[in-house]
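The structure goes in first.

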Amino acid sequence: MSEFRLQQLKSHIVSERRITTMSGSPSPLTTHVLNTALGVPGSNMTIRLYQQDRSANVWHLLTAGTTNSDGRCPGLITQQQFVPAVYKLHFETGQYWASLGQNSFYPYVEIVFTITDPGQRYHVPLLVSRFSFSTYRGS
């Protein structure tokens, strides 16, 4: 097994709680993009996090970022910003696949979820290929 692959596997085993925001405190919301077609992290994918304003039925952009070489996007939201609400993670999957010289059936993927207890930690990974995607709630 190559040194690069061993390093990738090791990074997947490391606890999510070690991912921190710029302020140094752990982010209560994390994500991880995995390219299941190639068996590698989904690096360099643009992600946006929104919060729904139910009274006006609009989405407010909270943060935007790009996944790192491990397919993670640390620092999505601070504990202070993380309140009970409906959130949406928007993944630019079409651009990601185009950067790899391939097309995709899904131009983007949006995962909408409700947070009722912001004191918990939430992990919302995206497993993606050109013609399918899956997600689940981790911790």
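My notes on the sheets and the core follow.

I am working from a predicted model.

I looked up the strand order and found 3-2-9-10, four strands in an open sheet. The pairing here is mixed. I then checked the edges: they are strand 3 (40-41) and strand 10 (132-135), and each pairs on one side only. Next I followed strand 9 (residues 126-129) to strand 10; the two run antiparallel and are joined by four bridges. I picked Val128 and looked for its bridge partner in strand 10, which is Phe133.

I found another open sheet of four strands, in the order 5-4-6-7. Its pairing is antiparallel. From one strand to the next, I read an average twist of 20°. I also traced strand 6 (residues 85-91) against strand 7: seven bridges, antiparallel. Lys88 has Val112 of strand 7 as its bridge partner.

**Core.** Which residues have the most contacts inside the largest nonpolar core? I got Leu29, Tyr87, Leu89 and Phe91, in a core of 23 residues.

**Phe91.** I listed what Phe91 touches, leaving out residues up to four places away in sequence. The list holds Thr31, Val33, Met45, Thr46, Ile47, Tyr108, Val109, Ile111 and Leu126.

Notes: Residues are numbered from 1 along each chain as its sequence is written. This is a predicted model: local features need pLDDT of at least 70, side-chain atom pairs count only at pLDDT 80 or more; totals for chains, interfaces and linings use all residues. Side-chain values use heavy atoms; hydrogens and water are left out. Two strands pair if DSSP finds at least two bridges between them. Axes are lines fitted to C-alpha atoms, for helices over the stretch in contact, and angles run from 0 to 180 degrees between N-to-C directions. A nonpolar core is a set of buried Ala, Val, Leu, Ile, Met, Phe, Trp, Tyr and Cys residues joined through side-chain atoms within 4.5 Å. Buried means under 20% relative accessible area, exposed over 50%, partly exposed in between (1.4 Å probe, protein chains only). Contact means heavy atoms within 4.5 Å.
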